[in-house]
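Hi,

Here is the structure I promised to pass on. Have a look at it first, then read my notes below.

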Amino acid sequence: MRRLTAICAAAAGVALLLSGCGSSSSGDRTVTVTGTGKVQGTPDVLNADLGTEVSAADVSAAVDQANSQAKAITDAMVTAGAKREDVKTSDLSVQPTYGPDGHNITGYRATNSLHVAVRDLPKASAVLAAAVQAGGNDTRINSVAFGLEDNTKLLSDARARAFDDAKSRAQQYADLSGLKLKSVKTISENGSGVTPTPTPMYRQAVPGAAPNISLEPGQQTVTFEVTAVWDIG
């Protein structure tokens, strides 16, 4: 009789253990999803890399001419509406030029490159036109791109949309599983990015005349991604 009682007690203990395991495993059910949020905004700054490239018989003359033209370009852009503190030297280089034999140095080529940020966008075309006119045929425009200097509000909106997207996906998975979506466990940001607008171009103007530079800022897309984990049961 004592042996039968011991067997029954052991069986009851096993049943209790299995019940506890089942309860724990249902509480560990989760769904992990990634949500994406996108918003569009109008650029608020134009960034341009430009400068001058000149050739001369000796190094000093080449550098002096490049510096002189760079100053003229800077002054012209400031007069057209750029802020002087938004114009900075980004590169200065001097390279020898060679004759047909590829050995004898025939002169030197100097470049003085500038970066300008135009925050008053209605003046952007005039600023670039002034730079081209001041530098003449020695002007070089290497890149022009619109940007979002202050994208705080856009990022906030994109983040909210990304979370809503993640929650909607999690709810769908819970419904498909016949379960309920419970509290969120973790949220991690996967990062954000800005889709740039196409680089604007300018049309060649008559030598000596102010160039007609057409710029269209368009719209830029800010994208944000979040990964979230929800309890379901």
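A quick term before anything else: buried means under 20% relative accessible area, exposed over 50%, and partly exposed in between, using a 1.4 Å probe and protein chains only. Keep in mind that this is a predicted model, where local features need pLDDT of at least 70 and side-chain atom pairs count only at pLDDT 80 or more, while totals for chains, interfaces and linings use all residues. Numbering runs from 1 along each chain as its sequence is written, and side-chain values use heavy atoms, with hydrogens and water left out.

The chain has 4 helices and 7 strands, taken as DSSP runs numbered from the N terminus (helices: H or I, at least four residues; strands: E, at least two). Of its 233 residues, 33% are buried.

I looked at helix α3, residues 124–135. Buried there are A124, V127, L128, A129, A130, A131, V132 and G135. Those buried residues pack against β2 (45–56), α2 (59–80), β4 and β5 (139–147).

Beyond four places in sequence, N112 is in contact (heavy atoms within 4.5 Å) with residues including L50, T89 and D91.

Cheers

Methods
The expected span of a helix is 1.5 Å times one less than its number of residues.
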